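Please read this briefing alongside the sequence and the coordinates.

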4 protein chains.
Amino acid sequence: METTGVWLIGARGSVAVTSVVGALTLRAGLAEPLGCVTELPELSSPAVPGLADLTFGGHDVSDLTLDKKAESLVAAGVLPSRAAEAVGAELAAVQRELRPVPEAGTQLGVARLIAADIDDFRRRRNLERVVVINVSSTEPAVAPHPAHQRLGLLDEALAGPDRVLPPSSLYAYAAFTADCSYVDFTPSTGARLPALAELAARHGSPYAGHDGKTGETLVKSVLAPMFAMRHLRVRTWSGTNLLGGGDGANLADPDTNAAKAGSKQRVLAETLGYQPQGSSHIEYVDDIGDFKTAWDLITFSGFLGTPMRMEFSWHGCDSALAAPLVLDLARLTAAAHAAGRSGPLTDLAFFFKDPIGDVPHALPDQWAALVAFVRGLHAPS
Amino acid sequence: METTGVWLIGARGSVAVTSVVGALTLRAGLAEPLGCVTELPELSSPAVPGLADLTFGGHDVSDLTLDKKAESLVAAGVLPSRAAEAVGAELAAVQRELRPVPEAGTQLGVARLIAADIDDFRRRRNLERVVVINVSSTEPAVAPHPAHQRLGLLDEALAGPDRVLPPSSLYAYAAFTADCSYVDFTPSTGARLPALAELAARHGSPYAGHDGKTGETLVKSVLAPMFAMRHLRVRTWSGTNLLGGGDGANLADPDTNAAKAGSKQRVLAETLGYQPQGSSHIEYVDDIGDFKTAWDLITFSGFLGTPMRMEFSWHGCDSALAAPLVLDLARLTAAAHAAGRSGPLTDLAFFFKDPIGDVPHALPDQWAALVAFVRGLHAPS
Amino acid sequence: METTGVWLIGARGSVAVTSVVGALTLRAGLAEPLGCVTELPELSSPAVPGLADLTFGGHDVSDLTLDKKAESLVAAGVLPSRAAEAVGAELAAVQRELRPVPEAGTQLGVARLIAADIDDFRRRRNLERVVVINVSSTEPAVAPHPAHQRLGLLDEALAGPDRVLPPSSLYAYAAFTADCSYVDFTPSTGARLPALAELAARHGSPYAGHDGKTGETLVKSVLAPMFAMRHLRVRTWSGTNLLGGGDGANLADPDTNAAKAGSKQRVLAETLGYQPQGSSHIEYVDDIGDFKTAWDLITFSGFLGTPMRMEFSWHGCDSALAAPLVLDLARLTAAAHAAGRSGPLTDLAFFFKDPIGDVPHALPDQWAALVAFVRGLHAPS
Amino acid sequence: METTGVWLIGARGSVAVTSVVGALTLRAGLAEPLGCVTELPELSSPAVPGLADLTFGGHDVSDLTLDKKAESLVAAGVLPSRAAEAVGAELAAVQRELRPVPEAGTQLGVARLIAADIDDFRRRRNLERVVVINVSSTEPAVAPHPAHQRLGLLDEALAGPDRVLPPSSLYAYAAFTADCSYVDFTPSTGARLPALAELAARHGSPYAGHDGKTGETLVKSVLAPMFAMRHLRVRTWSGTNLLGGGDGANLADPDTNAAKAGSKQRVLAETLGYQPQGSSHIEYVDDIGDFKTAWDLITFSGFLGTPMRMEFSWHGCDSALAAPLVLDLARLTAAAHAAGRSGPLTDLAFFFKDPIGDVPHALPDQWAALVAFVRGLHAPS
Ligand SMILES: NC(=O)c1ccc[n+]([C@@H]2O[C@H](COP(=O)([O-])OP(=O)(O)OC[C@H]3O[C@@H](n4cnc5c(N)ncnc54)[C@H](O)[C@@H]3O)[C@@H](O)[C@H]2O)c1
Ligand SMILES: NC(=O)c1ccc[n+]([C@@H]2O[C@H](COP(=O)([O-])OP(=O)(O)OC[C@H]3O[C@@H](n4cnc5c(N)ncnc54)[C@H](O)[C@@H]3O)[C@@H](O)[C@H]2O)c1
Ligand SMILES: NC(=O)c1ccc[n+]([C@@H]2O[C@H](COP(=O)([O-])OP(=O)(O)OC[C@H]3O[C@@H](n4cnc5c(N)ncnc54)[C@H](O)[C@@H]3O)[C@@H](O)[C@H]2O)c1
Ligand SMILES: NC(=O)c1ccc[n+]([C@@H]2O[C@H](COP(=O)([O-])OP(=O)(O)OC[C@H]3O[C@@H](n4cnc5c(N)ncnc54)[C@H](O)[C@@H]3O)[C@@H](O)[C@H]2O)c1
Ligand code: NA
Ligand code: NA
């Protein structure tokens, strides 16, 4: 099959390196593809590129080497030491495909250099197409700007001196101009601006997002529908998330935090039809590292108002939950691109905390949409 | 609309009395129909009798009065005191429809008397049809007997001196001979014998079962599919159920317990495709009363085998979870009977821990089947 | 025995009314004295006034009647309905002893009126002595003022137009000038100012505080010493407190909250000898009411650094935990006063989250101090 | 200082090997002595031998090599790989001191050969004294035998053909005859027979036991006193212990299990003064391995009977919790022996689930006794 490029924004971060080491390990037959949804029989399809068909590259502002990062992920219990050792040589090869974030006088200049880096990668590695995936640090919410509304205004503004777009959106801009598809695995703005939707349409580029659904929200997306189907009234749903690591430190910032905490409760209103009391609280605890602990309390009323409650705690390794989804999204988005789809891939809502579009938020409904989507790609058109 | 009779086996027990007081309270407009699935918009249908269309009666071996039982349910926090007071007069009326379990020389004799009691009820109250619902104490597993296999053999054996059928099955036998439908809300044998399937077919009677899905198993039926959809390998699923009350004391008996614990793990094998380690343990703790506490530990492996875990604890009021389902089952089974359905109602799997037939065990799939079932009843035939 | 007056600041609040109804109920022999530490055999002493020797009065800014408040506490499950009904008449009598908070042109004027109210109560009810107990709403932290440092300066400043003292401290000032003892059950400033220590000494008044230890901190005060005694290194201790009610709404205010959250972690540093990572987070959830839910995650390292963890969740009724301690404190402080003790009663650290003085924070050590204190009171002097 | 021998029964098991590797690692300065109680300043004493003064040997029925066992403990996350590698040579030296369990025609013959093995060890390694510590598999409860009551009868019976003593007691017999002290870290019978007390007295041998207190019981021994000190009535205390490993498999056996579960609840009756409802349940889950998960539910009544509850879950590494205690017990028992103590060391109750003698069960009281014990050893006699 044709090879597919995966261009990672934040390529030296935990999620990115876990994804790359994992793909290399699976390709070498050293582990089962656990966590990889696309490897389930229900989603098996000749239209979807295989794990072995992926070629990695990317941008990062840091210059940490991939082997150092992999080492620290081994020490943290995220990667098995065996795996990291076995794929050392291929990891070094991926490292040669990484580029620093380019600099220029205007954001338009930067976007062109980003696009050029991606284009070089495509030609150098002889790739049929490239999926750009944002797995860089979460940005603070962005201030509205008139140029976000229309592509014409945006092109003009980018050529000026102001920082009109946040980095995630500038990467999306560059990805579309380079005829690539784009996935935002983070809660950042990314492609969620009317001007960028216009650009994607013009280039026939599909895109997906936002914010990989890995832990507490995943559980919510099955428990909340359970309460709804049983006509049980949820009164309070209150969550605490303790997490460390780079992402944790970043989310401890109240601005960034607010965005994420909001998107974590949205699933409740969407699946229950009302918003219960309580909030979702994120706390940075360095010692916890990548093994997030979330605790949720749910109080609810049953028959004749009888009060009941449920609690759960979730101890998940965030990068290990995220990485296989990054690989799934790369494969599915590339397949959609190959099949001629463009615009928002709302059928990929299964993967996201805060999915684009007016889509179901209950996991089983998202699963059904995903299965239909994959079958649709396969069907002879 | 025509009125529907609900004949409760174990009519003086916690589930039965909570169901009856609840129905009367809802009918009086004193509470919202929380917990009643049939009251959700998705299941609204002119084919389904309303709560106000139900008339109650039943058998019990005990002679505890309904108001005494209601009082103890108020003290235990299961029923709101307001509700129990408001419906006192109607409750006394229901009590007049209760009958002691008849006695006779042979099981056939008993069955005929049971059927006669039900038939009297139908004529006296001028009911279109009656649903017999077993909410009596769980029985120990029954020893196999050749007469269970064929109706001819069974009729013959019942006329003899031996106790061929356990009570739950004898009630099913009587229900069918009286042209009623039958629901088994308990884990007991009930209608699950080939000879009884023959009898139900002959009388055109529908039936449903087994074992109302109220607590830990309900949660399992959404969490286990979540792990499956995410390709996460569940290694251990170990549960502890602490419960008091009459049902708790009964389930503390190792024989009865074994049956229930088994059916609680079945959902895992069915939805995951393999059986994880661990078991489901039931412990009787008198002080806990009707407010069951269940704790489950789930360990699972993700990407590259990374070990993770989840715990939940569930504090549910068992009778308050069961009662609205009993009302739902009465209404849906009566509607199916009216629509000419007979045999096992596999589309009601949503309500049961151990559903009859080769049906889905994931709650969302059971929900979809239920919605389709109700829509099918409604369609002009 | 001589009768002891208990003058409650915040006398119409949840803790106060639970204390009063409880004392009346116990006096009537309608319940066991659960939660009352002074009723344990180890603390039994002729030097300590009995429950039946307490006479209640108090101030409150609200004019909610005690029976209305008791009713709402019954509805919330804090008080048994039986109890509240049985003591209705005595509760009405207590209500006649309540006074609105006096007003005057200067804080000195207010203090004199407060003292006069208390003095009237003492003479009217023929009381030997009165303990003033602050169970009013928690105040925000107070700004430092030079007059807090010396009694001379304070007397002068109070006579001027400024609000020099927060209410809790003004009540302490009034209590001491009326020759009463004073207990601060809240985290507010109360008697914790050098000028007030001077005043207490001059009047021979004992005082105790701060912040009743009822829930999560109580558990911490036994678990943290366990880790210390076992030489296990606590890495993270992170707590979430969900609570509703009047106190909850008040603590949701970030200023007030910060003070309380700080005092909740102090026990860790004091008993472990170092401060682990993590914080104690308070969240207001109206629906939770008075039944607080706290969840704590503790990660720790054992032999050769092996990482381990513990979690607990605590579902306690805050007012029901606080009320018996208020009664205990009234009795013990009155006994100390009678025995001629004055100044800070550091031996009552057992009862407080943030005890006055350089005292042990491990519960068993506090218990030992308390037992010795009671024995000391009893000893013939 | 003189060197102290530590003779481990079950020397190739998880607890033994973790203890030995740990002692070697600490001696090499490669880790902090976390978990080692004797290393706390409060217990520091010149009378207690240092970690570096311990020399290891032992018996085991298995012939698994120590490096293989250490490897599997590394894989299970019990031992850090670094540690196991660094002490490889010294571990091989310890292995040369291990002996198979001797065989002979009578139990007396076996006891003599065991004693001879220990005596050889003492002379070969030039040891001042030897502590024999039982860390072998838990035995089923033993049937009573008249010879258990008097040493004269026991000596006679051992010379006959019957198996009069269970292995743990036969090791104690051998230890005493070899003038050694003896510690039983397991729930087995060990030295708990009148005849063996006689033998210990005759040889001036001290002994300690039973059953190392490492997890759930440790927590109980601080939480139960907390409820008692607060006069809160514990209604239910129900525990579930999920554990794998060799010990887990063994405890899954109902006979063995019963003994252990019983001793786990005793602390409640002893510290509360009554036995709450509920039991402690042990379940074998292979996948859990050495990282035990315990969950406990505690329901209790407070002021006026208000019902409340607490839950905790404990995820501890059993061998890592046990090993430092084994080292502590070796050092303290040797010190007691050196100081001329003989008979049951009831002051070591701190370390045991089921301590010998009529001793306190609250951890803080046991701690106080331990501190006094160590100070007493130190005092010039
Ligand atoms: N791990 C999960 O479960 C999960 C789930 C949902 C979303 N996410 C999101 O994935 C993202 C990555 O998480 P992580 O744990 O790998 O974080 P990380 O901190 O380990 O990695 C982020 C990387 O992005 C790089 N970076 C920062 N700004 C950049 C820029 N402007 N251009 C290029 N690179 C830049 C950083 O140098 C770093 O290497 C976060 O936004 C996180 O919120 C993670
Ligand atoms: N409450 C739940 O959440 C739930 C869920 C699933 C299944 N169930 C099942 O529902 C049943 C009832 O539970 P409950 O809590 O009401 O128990 P319960 O003990 O309160 O009531 C059982 C009643 O059945 C009566 N009975 C016993 N044998 C009888 C017989 N042979 N004929 C007629 N009556 C008889 C008893 O006298 C009693 O009144 C149990 O089998 C239980 O396992 C309950
Ligand atoms: N319940 C617990 O477990 C617990 C534990 C520790 C401390 N406390 C403290 O006890 C206090 C009372 O708690 P609560 O739950 O009863 O709160 P609440 O809100 O029910 O009652 C407080 C009462 O104080 C009154 N008040 C407010 N300002 C006043 C003033 N200046 N003078 C006189 N009265 C005033 C209010 O009108 C109200 O009636 C709080 O400060 C709380 O932090 C409670
Ligand atoms: N780990 C803990 O937290 C903990 C706490 C309290 C008590 N204990 C007790 O410590 C003991 C050891 O636990 P473990 O996890 O190391 O078990 P394990 O199964 O790993 O080791 C037991 C060892 O004893 C050996 N053995 C069995 N019978 C023997 C005999 N007759 N003579 C000599 N050796 C014999 C076995 O071959 C094995 O090597 C158990 O009895 C356990 O109940 C452990
Ligand atoms: Na947990
Ligand atoms: Na819980």
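Two strands are said to pair if DSSP finds at least two bridges between them, and helices (H or I, at least four residues) and strands (E, at least two) are DSSP runs, numbered from the N terminus. This is a predicted model, in which local features need pLDDT of at least 70 and side-chain atom pairs count only at pLDDT 80 or more, while totals for chains, interfaces and linings use all residues. Residues are numbered from 1 along each chain as its sequence is written, chains are lettered from A and ligands numbered from 1 in the order in which they are written, and side-chain values use heavy atoms, with hydrogens and water left out.

**Chain A as a whole**

- Chain A holds 13 helices and 11 strands.
- Along the principal axes, the C-alpha trace of chain A spans about 65 × 50 × 50 Å.
- Of the 381 residues of chain A, 62% count as buried, where buried means under 20% relative accessible area, exposed over 50%, and partly exposed in between (1.4 Å probe, protein chains only).
- Taking a contact as heavy atoms within 4.5 Å, residues 24 or more positions apart account for 76% of the contacts in chain A with a separation of 6 or more.

**The sheet of chain D**

- In chain D, an open sheet of 7 strands runs in the order β3-β2-β1-β4-β5-β6-β11, with parallel pairing.
- At the edges stand β3 (98-100) and β11 (343-344) of chain D, each with a single partner strand, so one side of each is left without a neighbour in the sheet.
- Strand β1 (residues 4-9) of chain D is mostly covered, with 6 of its 6 residues buried; T4(D), V6(D) and L8(D) point one way from β1(D), whereas G5(D), W7(D) and I9(D) point the other way.
- β1(D) pairs in the parallel sense with β2 (residues 54-60) of chain D over 6 bridges, and F56(D) in β2(D) is the bridge partner of V6(D).
- β1(D) also pairs in the parallel sense with β4 (residues 129-134) of chain D over 6 bridges, and here the bridge partner of V6(D) is V131(D).

**A buried loop residue in chain D**

- L43(D) lies in the loop between α1 (14-27) and β2 of chain D, and L43(D) is buried, with a relative accessible area of 1%.
- Although L43(D) and L370(D) are 327 residues apart along the chain, their C-alpha atoms are separated by 8.2 Å.
- Not counting residues up to four places away in sequence, L43(D) touches V37(D), T38(D), W367(D), L370(D), V371(D) and V374(D).

- D318(B), found in helix α12 (residues 318-338) of chain B, is buried, with a relative accessible area of 13%.
- Leaving aside neighbours within four places in sequence, D318(B) is in contact with T214(B), L243(B), D290(B) and K292(B).
- S168(B), found in helix α7 (residues 167-177) of chain B, is buried, with a relative accessible area of 1%.
- Residues up to four places away in sequence again left out, S168(B) touches N134(B), E139(B), Y182(B), D184(B), S188(B), T189(B) and G190(B).
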